[in-house]
Amino acid sequence: FVIDSLSQESSIKVREILKRRLVDEDINIVYTAIEYLGNLQDRESADQIESFLFDSDNLMVRCASLLSLSKIKHSPNRDKVIENYSNIENPMIVFPFLKYLEVFGTESAFPYIEMLLDANNQIYGKEIIDAVQGIIESNELSQIPESLKMKLESVAHTMSNNVNRYELTKLLSRLEGKDSLPEVREMLRERNEISKLGAIEILGEIGDESDIERLEAIAEETDSDELLEAIGDAVEKISERLEKGDE
């Protein structure tokens with residue numbers, strides 16, 4: 001209860017108390033201290049928290065450590081962590097490890113992500129999308145391995161969660177550019193509004209003049225204010241690109 005009440009503040013004194021609890025005899029107190037230090041983004045505790053990833057046998061402590069470091073955004077031995085954890089298949093630790101990869105991952109993590117996609121691509125859908133996106137952005141990549149891209153494309157076709165499918169399609173469209181237009185245009189035909197919204201937004205980014213007509217046709221068929229607003233924004237973006245192309 002004391003630790004819980006302290007977590008509501010972020011003063012130096014509170015942080016020091018929490019850091020001292022990282023060596024508490026009660027493993028539940030250690031776990032809680034790790035979690036709260038992560039929430040407070042206490043960079044000074046990163047080294048000690050990271051050490052649990054190598055020294056602790058407690059699964060919950062290691063999961064909390066991965067999530068905490070992801071929030072702190074500092075992991076001095078990230079390459080060693082990634083190497084040690086890139087053979088993990090236990091779902092309890094895969095989820096926080098993917099969050100860790102979203103912040104600290106490099107191209108070396110792509111084979112592990114491919115392995116997860118081969119094993120069960122639906123369970124880790126959102127976390128895999130976020131991890132790949134994070135690795136691309138933090139490492140300023142313009143492409144990913146073709147084998148990984150093909151697996152993600154396959155997942156996009158079978159993914160049952162429409163929000164995840166939209167996020168994945170958006171990610172692939174950024175990598176493939178206009179090559180992804182046929183898939184995006186096909187999404188416009190779907191009844192699910194989230195899929196339509198996703199396709200409209202993507203077309204706003206990469207669509208061409210022919211897509212204006214497609215979008216206007218949908219506008220005539222719908223009475224959804226959300227769809228109409230998205231269509232207006234997309235048509236405006238496409239028109240602006242066409243004008244710049246003419247200059």
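"Buried" here means under 20% relative accessible area, "exposed" over 50%, and "partly exposed" in between (1.4 Å probe, protein chains only). The views come from a predicted model, where local features need pLDDT of at least 70, side-chain atom pairs count only at pLDDT 80 or more, and totals for chains, interfaces and linings use all residues. Residues are numbered from 1 along each chain as its sequence is written, and side-chain values use heavy atoms, leaving out hydrogens and water.

**View A. Helices H5 and H7, side by side.** Helices (H or I, at least four residues) and strands (E, at least two) are DSSP runs, numbered from the N terminus. The axes of H5 (residues 59–72) and H7 (residues 91–104) come within 8 Å and cross at roughly 20°, which makes H5 roughly parallel to H7. Axes are lines fitted to C-alpha atoms, for helices over the stretch in contact, with angles running from 0 to 180 degrees between N-to-C directions; under 35 degrees counts as roughly parallel, over 145 as roughly antiparallel, 65 to 115 as roughly perpendicular and the rest as oblique. On the H5 side, the contact (heavy atoms within 4.5 Å) includes Leu 59, Cys 63 and Leu 66. Among the H7 residues taking part are Ile 93, Phe 97 and Tyr 100.

**View B. Tyr 85 against Phe 97.** Rings of Phe, Tyr and Trp (its six-membered ring) pair if their centres lie within 6.5 Å; planes under 30 degrees apart count as stacked, over 60 as edge-to-face and the rest as tilted. By this rule the count comes to five aromatic pairs. One of them, Tyr 85 with Phe 97, is tilted, at 5.9 Å centre to centre and 40° between the planes. Tyr 85 sits in H6 and Phe 97 in H7, so the pair ties together parts that are 12 residues apart in sequence. Tyr 85 is buried at 3% relative accessible area, and Phe 97 is buried at 0%.

**View C. Phe 97 again, now with Tyr 100.** This pair is stacked: 6.3 Å centre to centre, 20° between the planes. Both residues lie in H7, three residues apart, about one turn of the helix, and both are buried. Ring pairs link Tyr 85, Phe 97, Tyr 100, Phe 104 and Tyr 112 into a cluster.

**View D. Two loop residues with positive phi.** Lys 73 has a phi of about 65° although it is not a glycine. Lys 73 belongs to the loop between H5 and H6 (78–85) and is exposed, at 53% relative accessible area. Glu 140, not a glycine either, has a positive phi of about 50°. Glu 140 is in the loop between H9 (125–138) and H10 (146–158) and is exposed at 73%.
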